[in-house]
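Please walk through the structure below, one region at a time. The paragraphs that follow take up a helix residue, a pocket, charged side chains and some backbone angles.

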Amino acid sequence: MIEVKRPRPWARLEYVILLGWFLYFAVHAALPLSDPDTPWHLATGDYILAHHKIPTTDPFSWSMHGQPWVTQEWLFEVVLAWLANHFGFAGVWGLVVFLHTVTVLAVYRLVSTLSQDNRVFAAIAALIAVAAGIAFWVVRPQLVSYTMFAVFLLVLERVRSGRVWMLLFVPPLVLVWANAHASVSIGILMLVFEVVVSFLPTIGRLQGQRLPNRTRLSLLVTAVVSIGFGLLNPNGYHEFTYALLSNNALMTSSINEWHSPNFHSTYYKYGVIPFLAGVLVVVIARRRDIPLKYVLYFGGCFALTLVYQRFMPYLAIAGAPLIGFVTYDWARVLATPSRFFRYVCLIALIAEVAEFGFKMPSIRGSVESHLDSGAYPVAAVNYLLKHHVPGPLLNAYDYGGYLIYRGVPTFVDGRTDIFLRSSVFADYMDLQNLAWDAPQLLAKYNFQSALLPPGYALTVYLSNNPNWTLIYSDGNADIFVKNASTTSA
């Protein structure tokens, strides 16, 4: 019997595939920052580092200053700000690349286990899945949640295979999760779900996967202990209940990430829909038994994504096990390629590294130098500060995060939960949409200035209102001030 030698690590196709993706994502992550919430996360981290305490009241806005604030993402924000202060943009970039790499490797190892160690297809499945959710990989605390979701799937699969001792890692992971993002309840639900699904029988091609009673008990005990670890945060039980904000109709109807997906958009039309169609086709077409657990994960994430598009990364990750499980016997020959093919892989690897070197944007410099001036009102805020434009300031919601970063008190910003406790957020939406009560609201808050995008209905209204004067416009943002005679009156 001739023993088939596995190719050397540097020439194995799965490593070429994985490294190629890591290099691609590294270039993608080096693009200028553009998410509206990134600046206020940086500012919050700076505040904590400067004051050596986690704020429990709002220090940033003028409309809700001093009101209670649940700083549920403080750990991510502190790490983000520390890296930015010590390494500039490279530190921020490195954090995103690190979390993404851990996520991909966790999904890769999970699919390798489910695909009878077909590592080539495990790598392909992992990349297809993570790529489907790439639009959501921006500098925000949710990145920690995506990583934890993938790691928990891997740990629970290891537990199912008999490595119950790996549950020892879960409580410390929950502790980190609870202090980095308020989605920690997902981890607890995954532990409980693992027990519940172990009682379900096989249904047609959907395989039930029973667990020994001792393993079930270990999972439940771990869930209880993890809740205790999760409560070790500055906000106590609020860290677990923050997700209830998704029941607020005003928030979900006003903020894009809480909307249902727009399947007419380019991202969904050419990225997400082909991914979903591909998963469904291979699952239905291949007459192979499939673990019921992963079908339920995919179905549950799909249902959530249809309601709230922010769950798309979880859906993408949940699709990887299904892809790997039903396609692991395809192109099995790639697992033992010829020497010629190994050299081809090596050349491809060198080419990937060379392309990375040519295409990689510079990550040197401060965070400020990597802010997208088209996404943030950089020049307008420079004018605002230089000319001491009076407040109170009415600002666009998407500008709030950058204003916090620059030290300008906001009317509203991305910390939506604060403004939902009063009428501020509802009033802002009426102003933005130029509702019937907009003129009365301008007087109610005694705004003396406004920073708005050119396209808003309110911008057009102020442009034609004799009580307001446009003092700055750059095509990206407009600044208005209330006339002195009107103010004194």
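Ser226 is buried in this predicted model, because its relative accessible area is 0% and buried means under 20%. The residue belongs to helix α9, which covers residues 213–230. Apart from neighbours within four places in sequence, Ser226 is in contact with Val170, Pro171, Val174, Ile188 and Leu191.

Helix α3 has 14 residues. From its first C-alpha to its last, α3 reaches 20 Å, close to the 20 Å expected at 1.5 Å a residue. An α-helix has 3.6 residues a turn, so residues three or four places apart point the same way. The buried residues of α3 are Trp74, Phe76, Glu77, Val78, Leu80, Ala81, Leu83 and Ala84. The cover over these buried residues includes α2, α4, α6 and α7. Just after α3 comes Gly88, with a positive phi of about 70°.

Helix α3 also takes part in a pocket. The second largest pocket has a volume of about 230 Å³. Its lining draws two or more residues from each of α3 (74–87), α4 (89–114), α6 and α7 (170–180). There are 14 lining residues, and Phe98, Leu99, Val144, Met148 and Val176 lie nearest the centre of the pocket. What is the lining of the second largest pocket by class? It has 13 nonpolar residues, one polar residue and no charged residues.

Charged side chains pair up elsewhere in the model. The count of salt bridges comes to twelve. In one of them, Arg140 meets Asp35, at 3.9 Å from N to O. Why does this pair tie together parts that are 105 residues apart in sequence? Arg140 lies in the loop between α5 (119–132) and α6 (142–160), while Asp35 lies in the loop between α1 (13–29) and α2 (38–51), so the bridge spans that separation. Arg140 and Asp35 are both buried.

Arg140 forms a salt bridge with Asp37 as well, and here the closest N and O atoms are 3.1 Å apart. Asp37 lies in the loop between α1 and α2 and Arg140 in the loop between α5 and α6, so this pair ties together parts that are 103 residues apart in sequence. Asp37 is buried, as is Arg140.

Another salt bridge joins the side chains of Glu257 and Arg310, at 3.1 Å from N to O. Glu257 lies in the loop between α11 (249–254) and α12 (266–285), and Arg310 in the loop between α13 (292–307) and α14 (312–327), so the pair ties together parts that are 53 residues apart in sequence. Glu257 counts as buried because its relative accessibility is 17%. Arg310 is buried too, with a relative accessible area of 16%. Asp35, Asp37, Arg140, Glu257 and Arg310 are linked in a network of salt bridges.

The last topic is the backbone. Most residues other than glycine have a negative phi, and most peptide bonds are trans. Gln116 is not a glycine, yet it has a positive phi of about 55°. Gln116 sits in the loop between α4 and α5 and is exposed, with a relative accessible area of 54%. His388, also a residue other than glycine, has a positive phi near 50°. His388 is found in the loop between α16 and β3 and counts as exposed at 66% relative accessibility. Pro392 has its place in the loop between α16 (378–386) and β3 (393–395). A cis peptide bond joins Gly391 and Pro392, with omega about 5°.

Note on methods: Residues numbered from 1 in each chain as written. Predicted model: local features only at pLDDT ≥ 70, side-chain atom pairs only at ≥ 80, totals over all residues. Heavy atoms only, no water. Salt bridge = Lys/Arg side-chain N within 4 Å of Asp/Glu carboxyl O. Helix = DSSP H or I, 4+ residues; strand = E, 2+ residues; numbered from the N terminus. Buried < 20%, exposed > 50% of the residue type's maximum accessible area, 1.4 Å probe, protein only. 1 Å grid on protein atoms, 1.4 Å probe; cavity = no way out; pocket = protein on both sides within 12 Å on 5 of 7 lines; lining within 4 Å. Points joined across faces, edges and corners; volume = space filled by probe spheres on them. Nonpolar A, V, L, I, M, F, W, Y, C, P; charged D, E, K, R; others polar. Expected span 1.5 Å × (residues − 1). Contact = heavy atoms within 4.5 Å.
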